[in-house]
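Here are my notes on this structure for someone opening it for the first time. Please read them with the model on screen.

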Amino acid sequence: MRRAAFGNKGVPGLLTPCYSGSHPSGTFGPVNPILNSTYEFMSTFFLEVSSVFPDFYLHLGGDEVDFTCWKSNPDIQAFMKKQGFGNDFKELESFYIQTLLNIVSAYGKGYVVWQEVFDNKVKVRPDTIIQVWREEEPVRYMKEMELITGAGFRALLSAPWYLNHITYGPDWRQIYMVEPLEFKGSPQQKALVIGGEACMWGEYVDSTNLAPRLWPRAGAVAERLWSNKLVTSLDFAFKRLTQFRCELLRRGVQAQPLSVGYCEQEFEQT
């Protein structure tokens, strides 16, 4: 649902035309949520997705929705008035998400949305999974986990595990020391945390640096997620992850070093 600055290059009419005053500006915003054609396309699209991919869960997005374009569009304004939404564009977002969830659930699929859907108090189905990704405040994501599970929703954590963020030295240590259940909440709440995900924005990543940026750092995330919270020895983890890195090199994966050192596989003749 993100804004497209250079026009509607995909399905005609799918994106919202933005206005400057009383005239179209030539730019487009999020998906247009007031047209029947939007939901006809979504129904066809997700039917195809469901037939091609066997995965149970579909991620429906919902992050960083900018309401500016919706606010500028007179047709959106008229729809808002007719629906009794007033000037609350979170209500319009809720309308869109609810309709989308109804479409996807009809295909027997599960669904994941980003945390903004929850933060904006969008009315979603009880079985919706909320993924926590915002990380601008150091411990904010733990409070978010508390609120989401407190509301009875299942949660996925990714906020501390964005691998596009790199720092000098062994940054895998910070990744490894995150405890995803370290938030205030009952055992019932913590049972609603179904896992986590290592993520990576792609603005500065392509085929030349994807593998070394991903590995072996993603291995630290994986081990954290499958390990007991009492498993916290960095020295012990370092030995395993170093061996893992060398094994990746042996298999031809250009995994970057965890720290100062080397693998024999780096110098083997092929």
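Predicted model: local features only at pLDDT ≥ 70, side-chain atom pairs only at ≥ 80, totals over all residues.

1. Most peptide bonds are trans. The one from W215 to P216 is cis, with omega near 5 degrees. P216 belongs to the loop between α9 and α10.

2. The chain as a whole. There are 11 helices and 7 strands. The C-alpha trace spans about 65 × 45 × 35 Å along its principal axes. Of the 270 residues in the chain, 41% are buried. Among contacts with a separation of 6 or more, 64% are between residues 24 or more positions apart.

3. In soluble globular proteins, nonpolar side chains tend to be buried together. Here the largest nonpolar core has 46 residues, and M42 and L60 have the most contacts inside it. Helix α4 (residues 89-105) gives the most to this core, namely 6 residues. A second, separate core has 10 residues, including I34, F67, W70 and F85.

4. What does L60 contact, leaving aside its neighbours within four places in sequence? The partners are F46, L100, L101, V104, Y111, V112 and V113.

5. Helix α6. In this helix (residues 140-150), Y141, M142, E144, M145, I148 and T149 are buried. They are on the same side of α6, because they cover an arc of only 155 degrees around the axis. The elements that cover them include the helices α5 (115-119) and α8 (187-190), together with the strands β5 (129-132), β6 (154-157) and β7 (193-196). Just after α6, G152 takes a positive phi of about 90 degrees.

6. Positive phi at residues other than glycine. Most residues other than glycine have a negative phi. E64 is not a glycine, yet its phi is positive, at about 55 degrees. E64 sits in the loop between β3 (57-59) and α2 (68-72). K121 is not a glycine either, and it has a positive phi of about 60 degrees. The loop between α5 and β5 holds K121.

7. Are these two residues buried or exposed? E64 is partly exposed, with a relative accessible area of 41%. K121 counts as exposed, because its relative accessibility is 68% and the cut-off for exposed is over 50%.

8. Places to look at again. For backbone geometry, I would return to the cis bond from W215 to P216, and to the positive phi values of E64 and K121. For packing, I would return to L60 and its contacts, including F46 and Y111, and to the buried residues of α6.

Key. Residues numbered from 1 in each chain as written. Heavy atoms only, no water. Buried < 20%, exposed > 50% of the residue type's maximum accessible area, 1.4 Å probe, protein only. Helix = DSSP H or I, 4+ residues; strand = E, 2+ residues; numbered from the N terminus. Arc of directions from axis to C-beta. Contact = heavy atoms within 4.5 Å. Core = buried A, V, L, I, M, F, W, Y, C linked by side-chain atoms within 4.5 Å.
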